[in-house]
Amino acid sequence: MAHPTPHPGPPARERFPVVVVGAGPAGLTVGNVLRAASVDCLVLETETRDFVERRPRAGVLEEWAVRGLERRGLAGRLLERAERHTACEFRFEGEGHRFPYTELTGRHHFVCPQPLLVTDLVREYADVRGGAIRFGVRDVRLHDVGSDRPSVSYRCPETGERRYADCEFIAGCDGARGVSRAALTAAHPARVARHDYGVGWLALLAEAPPSCDRVLFGVHPRGFAGQMPRSPRLTRYYLQCPPGDEPENWPHERVWSELRQRLAAADARPLTEGRLVEKRVLDMHDCVVEPMAYGRLLLAGDAAHLTAPIAAKGMNLALHDAFLLGDALAARLTKGDGAALAGYSAACLRRVWDYQEFSQWLSEVYHGTASGDPYRAGTTLARLRRLFTSPAAAAAFAEQYLGTAVRH
Ligand code: FAD
């Protein structure tokens, strides 16, 4: 059902302390934190409300991220509905190896499909906290980001007219393909670090219950395969494929045949098959913009750093940025205290780089055996076996997998 836009006919020029570009997890969290501090802001989103509330993507949330949402009054429904996961399983050389991370650490993962979180964040921001939000805007442009008087303009979806929102700060939360990252790098020579894994992943969403109640990682000479439970009726699967491959090359029967082979393990239950409702190829790469801020423009989430879904870290990092950015903007705008804002980029990047390094490490575990290089295949299997023979290696993996390090 299409939701009505709350402000159908805004004036041609408006003023808000903060304009947030993008209504994903990062932008909506920043907006909610600002509204809780009674700071007015405008969220601009190119897609419709319906679309952002349905877009399937992430599912795994780390415990600190959920607690951060809870402290900000944003986790009520999530805590009722999210599943708590206590173990994952690696399958290699025809055997399943359960990795019981909660037994080792006392900590767990939450599994909550991203659309549920986004739906809650939109409702809380727009319907409960009374925040201004415009969906379906076109041709968003950022102006004068290096000055004290930046603004954001967009084409109104109803009239096609260009509207301007003057502000004190712009939160660039429009993801990896938005306009904020380009506006920052055009205004200021930021370093853009990119890492290409040289592999693709076919990302699949199956209308089927999970085949196993925990996350499965199939490390196989034919390529990586993963199973991530999302809900009792939906399961995400991944299959390693050549970068640039086409989803059309993967008909239903081929997908399930590869999954069966790559996730095979002695005594494992057969996979529960179902209709594939999403099928897209992701070229696996990472990207980090440093610094994440210039002048009055501050990036958060995927706009600042893209993390391939290898270690399920992207949404967690987006929330971490958003907590820091929301709190820092609120401190600056309500108390005149700019210290947290000045340290924002550096504070985020410590966790970002830590998670990037873990993704790179884990990528070798997932993809090494299928590289065609017997040396990489041998070291990959050594890494995997070590997780199940060395308590120190298991503890280190659990800390990074769950994101429980106290400091970065
Ligand atoms: P986005 O969610 O991309 O939101 C940006 C918003 O900005 C979008 O709504 C977009 O429509 C809007 N926008 C774009 N351009 C403009 C513009 N010019 N003007 C205004 N608005 C604009 N992460 C995890 O932590 N755990 C997981 O399990 C996980 N699994 C994933 C699985 C897949 C298949 C994929 C693709 C990603 C996964 N991720 C995961 C990553 C996670 O989905 C992202 O990191 C997360 O969505 C980032 O949030 P964000 O708010 O920064 O950006």
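The model is predicted, so local features are given only where pLDDT is at least 70, side-chain atom pairs count only at pLDDT 80 or more, and totals for chains, interfaces and linings use all residues. Residues are numbered from 1 along each chain as its sequence is written, and side-chain values use heavy atoms, with hydrogens and water left out.

**Stop 1: Arg181**

Select Arg181, which sits in helix H7, residues 180-187. Helices (H or I, at least four residues) and strands (E, at least two) are DSSP runs numbered from the N terminus. Arg181 is buried but has no salt bridge. Buried means under 20% relative accessible area, exposed means over 50%, and partly exposed is in between, using a 1.4 Å probe and protein chains only. A salt bridge is a side-chain nitrogen of Lys or Arg within 4 Å of a carboxyl oxygen of Asp or Glu.

Which side chain of opposite charge is nearest to Arg181? That of Asp302, 7.1 Å away. For charge, Lys and Arg count as positive and Asp and Glu as negative, while His and the chain ends are not counted. Now show the backbone of Asp302: the side chain of Arg181 reaches its backbone oxygen at 2.9 Å. This is a polar contact (a pair of N or O atoms within 3.5 Å; within protein, one must be able to donate a hydrogen and the other to accept it, and residues adjacent in sequence count only if both atoms are side-chain atoms).

Leaving aside neighbours within four places in sequence, Arg181 is in contact with residues including Ala176, Cys287, Val289, Leu299 and Asp302. Contact means heavy atoms within 4.5 Å.

**Stop 2: the cysteines**

Keep Cys287 on screen; at 5% relative accessibility it counts as buried. How many disulfides does a search of the whole structure find? It finds zero, a disulfide being a pair of cysteine sulfur atoms within 2.5 Å. Cys287 is in no disulfide, and the nearest cysteine sulfur, that of Cys348, is 15 Å away. Select Cys241 as well: it counts as buried, at 5% relative accessibility.

**Stop 3**

Select helix H8, residues 252-262, and pick out its buried residues: Val255, Trp256, Glu258, Leu259 and Arg262. Looking down the axis of H8, these buried residues fall within an arc of 160°, so they line one face of the helix. The arc is taken from the directions from the helix axis to the C-beta atoms. To see what this face packs against, show strands S12 (191-207), S13 (215-218), S14 (225-229), S15 (235-241) and S16 (275-290).

Move to helix H3, residues 63-71, where Glu63, Trp64, Ala65, Val66, Gly68 and Leu69 are buried. Just after H3, Gly73 takes a positive phi of about 70°.

**Stop 4: backbone details in loops**

Select Glu290 and Pro291. The peptide bond from Glu290 to Pro291 is cis, with omega near 0°. Pro291 lies in the loop between S16 and strand S17 (293-294).

Then select Ser38, in the loop between helix H1 (25-36) and strand S2 (41-44). Ser38 is not a glycine, yet has a positive phi of about 60°. Is Ser38 buried or exposed? Ser38 is exposed, with a relative accessible area of 63%.

Ala312 is another residue other than glycine with a positive phi, near 55°. Look for Ala312 in the loop between strand S19 (305-306) and helix H9 (314-335). Ala312 is partly exposed, with a relative accessible area of 29%.

**Stop 5: salt bridges**

A search of the whole structure finds 33 salt bridges. Begin with Arg49 and Asp127, whose side chains meet in one at 3.0 Å, N to O. Arg49 lies in helix H2 (residues 49-54) and Asp127 in helix H6 (residues 114-128), so the pair ties together parts that are 78 residues apart in sequence. Arg49 is buried, with a relative accessible area of 11%.

Glu124 and Arg129 form another salt bridge, at 2.9 Å, N to O. Arg129 counts as buried at 17% relative accessibility.

Finish with Arg155 and Asp139, which meet at 4.0 Å, N to O. Arg155 lies in strand S10 (residues 151-155) and Asp139 in strand S9 (residues 138-143), so this pair ties together parts that are 16 residues apart in sequence. Arg155 is partly exposed, with a relative accessible area of 33%, and Asp139 is partly exposed at 36%.
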